[in-house]
Structure formats: C-alpha cells, structure tokens
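Reader: I am new to this structure and would like to understand the terms used for it. Could you take me through them one by one, with the cut-offs behind each?

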Amino acid sequence: IAAMAERGVDLTAHASKGLAAVEQLAFDAAITMGCGDACPHVRARVREDWALPDPRELDANGVREVRDEIERRVMELLARL
C-alpha cells in the first residue's frame, strides 16, 4: 500500500477478489505472475506469465523494484496492444 501511495495510487480500500467475481469475457490481455501451468484459464488475445518475486517476501526497496518492473512491463504491453 505504501509503495503504491508513493505513486499516488490509494489502495487502502482495495480488496483482492477471485476470478469467480469477474465477468467471463474475452480480454485483450491476461497477465499472470509466477503461477506457470497452475494459472486458471482466462480468455484473452495475449496471455503472458510474468515471473516476478512475491512482494510479500521483500523489504520496502524490493517492493518498489517489483512495482517499477510491473509498471515498465504494463507500458510495454500497452504499446503492443
């Protein structure tokens, strides 16, 4: 939450939800993070698994590095879409 607040994103009211709570549509992209073959199937034109460290196991600087890497990859993905 603190790392995202540094970027102006307020996650204090955010709660994770499972795929059952998401309407089953076809998406432009589905990105998973480190689940490999165990990932649930989501219909998408682009499917990628980004093997990134779990931020729960990192110190504040490590969390920032993962946040910044995700941002970099998202921007790259958006340019491809």
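Reader: Which residues lie nearest the centre of the second largest pocket, and how many residues line it?

Author: The structure is a predicted model, in which local features need pLDDT of at least 70 and side-chain atom pairs count only at pLDDT 80 or more, while totals for chains, interfaces and linings use all residues. Residues are numbered from 1 along each chain as its sequence is written, and side-chain values use heavy atoms, with hydrogens and water left out. The second largest pocket is lined by 13 residues, and those nearest its centre are Leu-19, Val-22, Phe-27, Ala-30 and Val-42.

Reader: What makes a space a pocket, and what makes a residue part of its lining?

Author: On a 1 Å grid over the protein atoms alone, a pocket is an open set of points with protein on both sides within 12 Å along at least five of seven lines, whereas a cavity is a set where a 1.4 Å probe fits but cannot get out; a lining residue has an atom within 4 Å of a point.

Reader: Which elements give two or more residues to the lining of the largest pocket?

Author: The largest pocket has 24 lining residues, with Leu-11, His-14, Ser-16, Met-33 and Ile-70 nearest its centre. Helix H1 (2-5), strand E1 (27-32) and helix H2 (60-80) each give two or more residues to this lining, and H2 gives the most, with four. The chain as a whole has two helices and two strands, in the order α-β-β-α from the N terminus.

Reader: How do the residues lining the largest pocket divide by class?

Author: There are 16 nonpolar, five polar and three charged residues in that lining. Ala, Val, Leu, Ile, Met, Phe, Trp, Tyr, Cys and Pro count as nonpolar, Asp, Glu, Lys and Arg as charged, and the others, Gly among them, as polar.

Reader: Why does His-41 count as exposed?

Author: Exposed means over 50% relative accessible area, buried under 20%, and partly exposed in between, with a 1.4 Å probe and protein chains only. His-41, in the loop between E1 and E2, has 60% relative accessibility and therefore counts as exposed. Gly-8, in the loop between H1 and E1, counts as exposed because its value is 66%. Buried residues make up 17% of the 81 in the chain.

Reader: What joins the side chains of Thr-32 and Asp-49?

Author: A polar contact is a pair of N or O atoms within 3.5 Å; within protein, one must be able to donate a hydrogen and the other to accept it, and residues adjacent in sequence count only if both atoms are side-chain atoms. Thr-32, in strand E1, has such a contact of 2.7 Å with Asp-49. Glu-48, in strand E2 (residues 44-49), makes a side-chain polar contact of 2.7 Å with Trp-50.

Reader: Which residues does Thr-32 touch, not counting those up to four places away in sequence?

Author: Contact means heavy atoms within 4.5 Å. With residues up to four places away left out, Thr-32 touches Cys-39, Glu-48, Asp-49 and Trp-50, and Glu-48 touches Ala-30, Ile-31, Thr-32, Leu-77 and Arg-80.
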